[in-house]
Amino acid sequence: MRQSLLHLPIKRSPWAFQGSRLARISAARSYASESSPNPEVYDVVVVGGGPVGLTLAAALGAARTTNNLKVALIEGMNLGPTRDWNPKPEYFANRIVSLIPSTVRLLKEIGTWKHIRQDRVQSYDGMQVWDGMTGSRVEFDWNKLWGGKDSQTDTTIAHMVENIHLSHGLLKSIDELALKPTMIDKTKVEKIEYGKMTNELDMRDWPIVTLSTGQKLAARLLIGADGGNSPVRTFAGIESRGWDYDRHSMVATFRIEDDSLFPKFAYQRFLPSGPVAILPLPGNFANLAWSTTPEKVAHLKSLAPEDFVAMVNAAFRLSYTDIDYLHNLKSGVAEETKWRESVTKYPEPPQIPVRITEVLEGTRASFPLKMKHADKYVGERLALVGDAAHTIHPMAGQGLNSGIGDVYSLVKHLADGINHGQDIGSSFTLEPYQAERYLPNNALLGFVDKLHTLYGFETGPLVPLRSLGVEIINKDWFGLKRFLMSQAAKS
Ligand SMILES: Cc1cc2nc3c(=O)[nH]c(=O)nc-3n(C[C@H](O)[C@H](O)[C@H](O)COP(=O)(O)OP(=O)(O)OC[C@H]3O[C@@H](n4cnc5c(N)ncnc54)[C@H](O)[C@@H]3O)c2cc1C
């Protein structure tokens, strides 16, 4: 059971640390004024105002041991539209994230979840996952396993939230903090270098961040929440190993036929070119994440809306050979699928999703997929969190969840360091963060990567073997299904 960030024990008065911090900071400030161009001194500089960077800023400000740290967050993009987000009722964005229960618990703790509009969140407690070649299927349904919603167990697998909605909620909770971080958006980090030795202070191991405005910030601790191509990671000389999948994820938002037939399950069918998933949204809406080759994604984007809709319905109903054939048609897909579906035997809802009827305008987009893992998460006065540390295939919906798990762990260890009178940038403070997060993240990356490879085979001995594995899981032999479901809910 995780300990609440808000109630981490204060073993020493935070002012004991604060005193020495302030002494060093005032010395540093005089360094700043003497040796222009004027680095302003911060305890923590977070680079990146994506969901992980914003969660970190909110968590540092909410935890009582870290809430008096002087924090700056730098984001290259304009956060204004996210702050002012005011969604149309009959519209959902195309970037949706599934948040597992442990992530939602943290968001509650740091005061963000109350800013998330529940009418725009869809939770689900069932998943249908099947092999597109053999049809073998695993059905994750907490209600069937635990005997319904009356049980004491939280049956939610995940909550679907628009990315912009989450970031909007995070910004609101940051605005409510007593000691607000300095939020600098529309500004890029252009250079990072180590500081200098002066008469007052040795800043040779302090990262000095130069912004596109020319402003300089000195960081007792620099945190890279700056995504897969992390400039902070590059500055630290930390290698990130992995590969491009040569796959893109096609996303889109749809209206569906009749939501009373749609049991608000998540559906994922593994095709050899990559998995195709439909995820539930409130009311008559659903979201697509279809990982496939860049050529097939280009084809999906080029189709007329009715042909695109037909193609997505076919992806859950027709054989892989049929789907491959349809990918060669520039038009007429709707007509062609009608005929092919009439001569194909496929399961009915709720084993497959109900039909989608319309794609919302402007929601078709795609993202290249890669797997990358940094060799380490910490360096000299530096830590990496989220995609800067690890980028994972989205098929398991775990990338952001594990990034938020990093935030939880890092803030907890920074608080521990403060409680023990340690410098927050020291390896004594930072190493336990890496020790806690590296191996679980590595195992998750490896598992998802193997799954991607395993389902990439169209034929061969692995195909029946993987089906056997799926059948064993589905029958809950050895409690395997329960184990997988409870692990998926943790980060
Ligand atoms: C199709 C798809 C579906 C996904 N679905 C899920 C899901 O269901 N569940 C889940 O948990 N995860 C999911 N993920 C993964 C998730 O989106 C990422 O893990 C998450 O967005 C990473 O957040 P981040 O803040 O670490 O990085 P990012 O979102 O990449 O943010 C990094 C930020 O740093 C800023 N930045 C970079 N360089 C600089 C610089 N030099 N100066 C200033 N700012 C800079 C960028 O502007 C950016 O805002 C999905 C991913 C994809 C592609």
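## Close-up views of a predicted model

View 1. Helices here are DSSP runs of H or I with at least four residues, strands are runs of E with at least two, and both are numbered from the N terminus.

Before you go on, a word on the model: it is predicted, so local features need pLDDT of at least 70 and side-chain atom pairs count only at pLDDT 80 or more, while totals for chains, interfaces and linings use all residues. Residues are numbered from 1 along each chain as its sequence is written, and side-chain values use heavy atoms, with hydrogens and water left out.

View 2. Look for Leu400, where a backbone N or O atom lies 2.8 Å from an oxygen atom of the ligand. At Asn401, a polar backbone atom is 2.9 Å from an oxygen atom of the ligand. Gly397 has a polar backbone atom 3.1 Å from a nitrogen atom of the ligand. Taken alone, the ligand exposes 1000 Å², and the protein buries 82% of that. Such areas come from the Shrake-Rupley method with a 1.4 Å probe; for residues, only the protein chains shown count as cover.

**View 3. His299 in helix α8.** You will find His299 in helix α8 (residues 294–302). With a relative accessibility of 11%, His299 counts as buried (buried means under 20% relative accessible area, exposed over 50%, partly exposed in between, with a 1.4 Å probe and protein chains only). The side chain of His299 reaches the backbone oxygen of Leu329 at 2.6 Å. This is a polar contact, a pair of N or O atoms within 3.5 Å; within protein, one must be able to donate a hydrogen and the other to accept it, and residues adjacent in sequence count only if both atoms are side-chain atoms. Leaving aside neighbours within four places in sequence, His299 is in contact (heavy atoms within 4.5 Å) with Met311, Leu326, His327 and Leu329.

**View 4. Backbone angles to look for.** Lys186 sits in the loop between β8 (182–184) and β9 (189–194). Its phi is near 50 degrees, a positive value in a residue other than glycine, and Lys186 is exposed, with a relative accessible area of 56%. Asp246, in strand β12, also is not a glycine and has a positive phi of about 55 degrees. In the loop between α11 (333–342) and β16 (356–359) you can find Pro350. The peptide bond from Pro349 to Pro350 is cis, with omega near 10 degrees.

**View 5. Ser319 and Met133.** Ser319 lies in the loop between α9 (305–315) and α10 (320–326) and is partly exposed, with a relative accessible area of 32%. Ser319 and Met133 are 186 residues apart in sequence and 7.4 Å apart in space, C-alpha to C-alpha.
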